[in-house]
Amino acid sequence: MTVIAIDGTFASGKGTLGKRLAAHYGLAYLDTGKLYRAVGYAVMQAGDDPENAAHAAKAAKALTGAELDDPILKSGEVAVNASKVAVHTDVRQALFQFQRDFAAKGAVLDGRDIGTVICPDADVKFYVDAKAEIRAQRRHKELISYGEDITFETVLSQLIERDHRDKTREEAPLKAAEDAHLIETSVMGIDEVFDTAVRITDAILALKTT
Ligand code: C5P
């Protein structure tokens, strides 16, 4: 049962990498950010406060998984709320088992704490990052393509705010696992990132089967 854990900053390319690795190795794929986004969105919908731990935990406990394909989860506002609900211990605990169960059958998961907390025994771990300006450019282009009216400066400042919150929170902060392979994607194309990850994964999996 192969588990590949991918952590990293927002818009670093970890989702694209995760999907491609899953297809390549015939594994299921879970974008765990969607779980936090779904909770952030549910809190918004209820008119509750994402910074209130009890409000956020109530929404996390009510999550069924059916909410994850809603395109509204891609919006910038939902993303900011996702990082606010993600600081609460009760929210993270409520989402823990869902992620563990998903990984149990062999999978690729991407997020912020996959290699450190959710799947510390993953076969292969990656930490993906790129410069903030470059990630903001990618994200801005994407949001514009969804028809969102947002400036590059707003995207950059939201991204910096979110990175800061994710890296400095007490519970499961974003950081590379000690045994993660670092991939810096600022000047790498999607194919190069994928090829690098496949080379590393193949080498590790070959060692495990010998
Ligand atoms: O990856 P994505 O940008 O969709 O994640 C949205 C937010 O959810 C992140 O900024 C982070 O605060 C939170 N998150 C998390 N742990 C994960 C995945 C996402 O805390 N494993």
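Reader: Where is Leu 109 placed?
Author: Leu 109 belongs to strand E3, which covers residues 107–111. Please keep in mind that this is a predicted model.

Reader: Is Leu 109 buried or exposed?
Author: Leu 109 is buried, because its relative accessibility is 0% and the cut-off for buried is under 20%.

Reader: And how far apart in space are Leu 109 and Ala 206?
Author: From C-alpha to C-alpha, Leu 109 and Ala 206 are 21 Å apart. Along the sequence, 97 residues separate Leu 109 from Ala 206.

Reader: Let us turn to the ligand. Which residues come nearest to the ligand?
Author: There are 16 residues around the ligand, and those that come nearest are Arg 37, Arg 92, Arg 112, Arg 162 and Asp 166.

Reader: What is the distance from Arg 37 to an oxygen atom of the ligand?
Author: An N or O atom in the Arg 37 side chain is 2.5 Å from a ligand oxygen atom. For Arg 162, a polar side-chain atom lies 2.7 Å from an oxygen atom of the ligand. For Arg 92, the corresponding value is 2.8 Å, again from a polar side-chain atom to an oxygen atom of the ligand.

Reader: How much of the ligand's accessible area does the protein cover?
Author: On its own the ligand has 460 Å² of accessible area, and the protein covers 98% of this.

Reader: What is the make-up of the shell by class?
Author: The shell around the ligand has 8 charged residues, together with 4 polar and 4 nonpolar ones.

Reader: Which helices each supply at least two residues of that shell?
Author: They are helix H2 (33–45), helix H4 (76–85) and helix H8 (152–168). The largest share comes from H2, with 3 residues.

Reader: Staying with H2, what can you tell me about Val 39?
Author: Val 39 lies in helix H2. Val 39 has a relative accessible area of 0%, so Val 39 is buried.

Reader: Is Ala 172 buried or exposed?
Author: Ala 172 counts as buried, because its relative accessibility is 13%.

Reader: What reaches the backbone oxygen of Ala 172?
Author: The side chain of Arg 169 reaches that oxygen at 2.8 Å. Arg 169 also lies in the loop between H8 and E5. Its relative accessibility is 7%, so Arg 169 counts as buried.

Reader: One last item: where is Leu 63?
Author: Leu 63 lies in the loop between helix H3 (53–61) and H4.

Reader: Why does Leu 63 count as buried?
Author: Leu 63 counts as buried because its relative accessible area is 19%, and the cut-off is under 20%. As for position, Leu 63 and His 88 are 25 residues apart along the chain, and their C-alpha atoms are separated by 16 Å.

Note on methods
Residues numbered from 1 in each chain as written. Predicted model: local features only at pLDDT ≥ 70, side-chain atom pairs only at ≥ 80, totals over all residues. Heavy atoms only, no water. Near = heavy atom within 4 Å. Polar contact = N/O pair within 3.5 Å; in protein donor to acceptor, adjacent residues only side chain to side chain. Areas by Shrake-Rupley, 256 points an atom, 1.4 Å probe, with all protein chains shown as cover. Helix = DSSP H or I, 4+ residues; strand = E, 2+ residues; numbered from the N terminus. Nonpolar A, V, L, I, M, F, W, Y, C, P; charged D, E, K, R; others polar. Buried < 20%, exposed > 50% of the residue type's maximum accessible area, 1.4 Å probe, protein only.
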